[in-house]
Each structure stands twice: as C-alpha cells, then as structure tokens.
Amino acid sequence: VIEDYVIVSNAEKVTSMKTNATTNTNNGQTAIISVEGNPTANFDIFIKQGAAAVQTCTTTGITSSSTFVQIASAIKTAIEANASLTNLTITTDDNIVKITHDTDILTQDIYVRKDIELEINVINQNVSSAAALPKLGGYDGYVLNVVGVDEQNTLANYYVSWNASKQIWEEALEPGLDFEIDPDTMPHFLIRTGAPNSDGVAEFSFVVSGDTGLSNQRSAQSYANRLVGDDDSNPIPSFIGKSIIDVQFFRNRLVYLGQDSVVMSKSNDYFNLFASSAIINNSDNPIDIFLGSNFSVRPKYMEVYGNGLIVFTENQQFLVNSSAEALSPSTVRTELITKYVVKDDNLVKDAIEITAHVDTYIPKDIKYMTSISNKNMIFLGTVSEPKNIYVYSYYESNKKQLQSAWSKFNFNADI
C-alpha cells in the first residue's frame, strides 16, 4: 500500500516496454555548421562524400562586419553552388547551417581550416566533450553524442539535445531506444474513488497506471519514462521481459521482485524506475540488483525485517540492506542468509513420527504451527481447542536425541 493506493501484481504477467522508440530530428543524416565567430574574410568548407574526391566550397561576401546570420547564409550558398555534391538539403536557422543527406551523413566528412575552427564549428553526430558543443546551440531537438573525457578526467558517453525555447543543451536519450514501460503489463492499482456511505462502504476502482477516467476525477500514477542516457548508463529494469512476483515498500522506495532480481524505484518517486541523469550518479537513483547464488533462485515474496528486506525464494533467503545509513545504488548489498541443500550421498528418506507415543493427544484440526529453532520447540494451535497451545520439545546431546516430550498450556482466553 502506497498512500491510498493498493498495488496489485500479477506473477503470471510478463512485463514489457512499449515499442515507441525515440526519434532524432537529425536522424543520423544531418550535420550542422555553427557560426560562433567571424573569420573576417572568405573561407573554404571541405566536404568529402564517401570515396569521392574532397570538394571545396568557398564563401563569398564575408567581411569583418558580417553578422552570424549573413555568414550562415554564405555557407549555405557556397555548398549549394558545388554541383559535385549530391543528395544534400541545406537550410539555415539563425547562426546554424543544417546539412541533411538523403541517406546517411556519416558517409561524409565536413571540415574547415583549423585556424577558423573556433569561429566555424562543424558537428556531425559526436563531439569530444561538453566544451565542444556549439556555444550558440543547434536547432530545436538536435541530438549529439558527447564521447570523450569530461572535467573529472573520466570517460564520458552521453547524449544532449538542444532546447530552443530554453536556449540550453539538455541531457537526452539515445535515439532509437524504447523509453516507455507498458503500463498494461505492470502492477495495477486499487484506488478508492468514492467517500464511504452511511454503512462505511466505499467504492474502489481497479485501474491501470495513468488511468484518468476515475469517477472522482483522480488519476492513477503513471510510470515515468526513460529520458536520458543509453542502455548502459540508464538501462531498462531487469524484470522487463519477465514477471513481477511481489511488490513491497522499503526505505522510501517501491520494490519490485523479479524472477532473479530486486528492483527499487527512485527514492520518494515510487513509479520512476529510471535515472534522471546519465552523467551524475545521484544517491536517489533506482537500484537494480541480481540475486546471485550457486543454486536456482525462484523468488516467492519479500518481507521487511528491521532495517533490511528479506527475499524468500524456494530454497534460500536473501537479506537486502545497506552498508551505510542511506540506501543508494553504491551502498546496497545482498547477503545469502539461509539455504536448504540436500546432498545425494546423504539423502534421508525417513521421517521420525514425533506423535507416535501420544497418537491421540493432538487434535486433528491444527490451525497454526510455529517453532523456535534455537530452543528446539514447536507450538501448535487447533480449531477445536482455541484456548490451548500444544508444545513439542526435545533434547539432544552428542547428536543423539535423549528426550522427546509433548505438553499443553491452557489459557483463559482464545489465542
């Protein structure tokens, strides 16, 4: 239960992503030339298409007083004037020259002299660092891959897109990747949609995430989309393509138990399973951990116990907790705490009947049973004797059972 949502999972439903991959307005076919300064004189643009010879396009009319818009227009005119360059569509947008190839811009190499690279910035699909991004932007939606070494001297690989309305480069998702979880395959919600009547009975609706048609005008929470990164820096949850066995709330995160993993939402953002940045490793990022073991892992359910989360599987139990006070992707850890192993060379096919000497002492209608393993005790409750508890205890010494006894405790009230 989250707030007044009851979350219901279906262990037989296979989860999936929607097949609505991101598109890229440059679509792998567009390069840009960003005018960021004035070379003060005419200059050459060199374009090599495939195995063909390098073509030189020379601007005209460039002076020290030319504006960025005039320089961009001169570049466009120079490229269009070269009849040897084919399959190109060239447009301008303020200081940006947009060069689109009918099939693939990556078969081309566009460049200018090094002494004017600070003024005339040529970009295909990649830049070596954030500092190499066009300083005055691109055109709206233009996506670039930043590949190189960042300010911390570590390898960077992320995507940015130009937001024309904000006039900034923003982190983006790699074009062509699926970004939306299919809500029909995820846990559904049981939501109260009406106030209780005089008898205390309220109306509930069973809905899919994102449902906006509820009777009290409420809307069900939607699962957040993947907005940045790629399959390495911001992968889809590991339970996608498999079923979700159980859902639990733990340390301000919504936890999804997959068939071989535990996936936790962003902290305090229960329906967001994606990172908000591919550059910064935030402590509130989602957590996705594999339940590793030498044996087959078949998860059944989860329970919160103290500061940890215990995952119960068919023959093992795992403890999920944190090595620090805060639970984050860098501090989470899993520990195998119990397991049940049967060795073929030591297989016991017999069981001792512990009621053989008191075969009529225990009623047949057992309601519950529990044990205290370190005390060698078992407790039974029955339907017919609700005020009684039957207790079995035994004593061992040197791996031999010396005593086996049953007793009964009677209470004044039903247990």
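Is threonine 30 buried or exposed, and what is its relative accessibility? Threonine 30 sits at 2% relative accessibility, so it counts as buried; buried means under 20% relative accessible area, exposed over 50%, and partly exposed in between, with a 1.4 Å probe and protein chains only.

Hi everyone, a quick word on the ground rules. This is a predicted model, where local features need pLDDT of at least 70, side-chain atom pairs count only at pLDDT 80 or more, and totals for chains, interfaces and linings use all residues. Residues are numbered from 1 along each chain as its sequence is written, and side-chain values use heavy atoms, leaving out hydrogens and water.

Back to our threonine. Threonine 30 belongs to strand E2, residues 30-35 (strands, E, are DSSP runs of at least two residues, numbered from the N terminus). E2 pairs with strand E6, residues 96-101, in the antiparallel sense over five bridges; pairing requires that DSSP finds at least two bridges between the strands. Threonine 100 in E6 is the bridge partner of threonine 30, and the side chains of these two make a polar contact at 3.1 Å. That term means a pair of N or O atoms within 3.5 Å; within protein, one must be able to donate a hydrogen and the other to accept it, and residues adjacent in sequence count only if both atoms are side-chain atoms.

On to the next strand pair. Strand E5, residues 88-93, runs antiparallel to E6, joined by six bridges, with leucine 88 opposite histidine 101. Their hairpin has two residues between the strands, and there aspartate 94 takes a positive phi near 60°.

Thanks, folks!

Methods: Helix = DSSP H or I, 4+ residues; strand = E, 2+ residues; numbered from the N terminus.
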